[in-house]
Amino acid sequence: MKKFIPLLLAVFAFAACEKDPDTDKLDNNYLVYTNYDKKADFKAFETYYLPDSILVIGDSKDAEYWKDESAQEILKAYVTNMNNRGFVRTENREEADLGLQVSYVRSTYYFTDYGRPEWWWNYPGYWDAPYWGNWGGWYYPYAVNYSYSTGSFITELLNLEAPQGQSQKLPVLWTSYMSGLLSGSTAVNTKLAVQGVNQSFTQSTYLTSK
């Protein structure tokens, strides 16, 4: 049974992350945390599939997706960085080697607690494992411990070449989490998000197919 509990405090921590940026130099920029599967050979992958929207995690029990110009600008930053690393975007999800999913935390009111890292398990509309293929759940090859703050982004890069089956788990090869203070300007928030996306790739030099 799904269980929802309110979050009274949001704190984020990642085990075995890349070196954290100097907070004294960030001003209002996003704090960016990344982690990845140390055994992954990213050069073995060529293509990736990225949905045309960002899942909105809020206080609604119905699925919400962010698709406006700001969302497209943020998604474009992911595409640019992935393409610059030698990966090729494909419109055919079933033929992609990798899946890239992006979620935006608009509200932390609802929190799905299953005693596992993937708190979003069965969250309404989430890019769940069956969305990507015949997998029975998620597999993180690295330690993940975090909670979430409003205005943050969660991104996962998935190995769609992993063996399928209801007893199989879909491996998450790379994760980024971006968190920062929101301003009153949509343009400024979008710019900061794009800079955060760029930073997540900058500190993930291993993420390349070249």
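The largest pocket has a volume of about 150 Å³; a pocket is an open set of points on a 1 Å grid, where a 1.4 Å probe fits, with protein on both sides within 12 Å along at least five of seven lines, and lining residues have an atom within 4 Å of a point. The volume is the space filled by probe spheres set on the points. The model is predicted, with pLDDT of at least 70 needed for local features and 80 or more for side-chain atom pairs, whereas totals for linings use all residues. Residues are numbered from 1 along each chain, and side-chain values use heavy atoms, without hydrogens or water.

Among the lining residues are Y30, W66, D68, S70, T186 and T190. Helix α3 (186-202) gives the most, with four residues. S70, found in helix α1, is buried at 13% relative accessible area (buried means under 20%, with a 1.4 Å probe). S70 touches T186 and T190 (heavy atoms within 4.5 Å).

Eleven aromatic pairs are found in the whole structure; ring centres must lie within 6.5 Å, and planes under 30 degrees apart count as stacked, over 60 as edge-to-face and the rest as tilted. Two pairs are tabulated.

| Pair | Centre distance | Plane angle | Class |
|---|---|---|---|
| F42 and Y206 | 6.0 Å | 35 degrees | tilted |
| Y49 and W132 | 6.0 Å | 80 degrees | edge-to-face |

Y49 lies in strand β3 and W132 in helix α2, so their pair ties together parts 83 residues apart in sequence. Y30, W66, Y104 and F153 form one aromatic cluster.

Definitions and conventions
Helix = DSSP H or I, 4+ residues; strand = E, 2+ residues; numbered from the N terminus. Buried < 20%, exposed > 50% of the residue type's maximum accessible area, 1.4 Å probe, protein only. Lists of a residue's contacts leave out its neighbours within four places in sequence.
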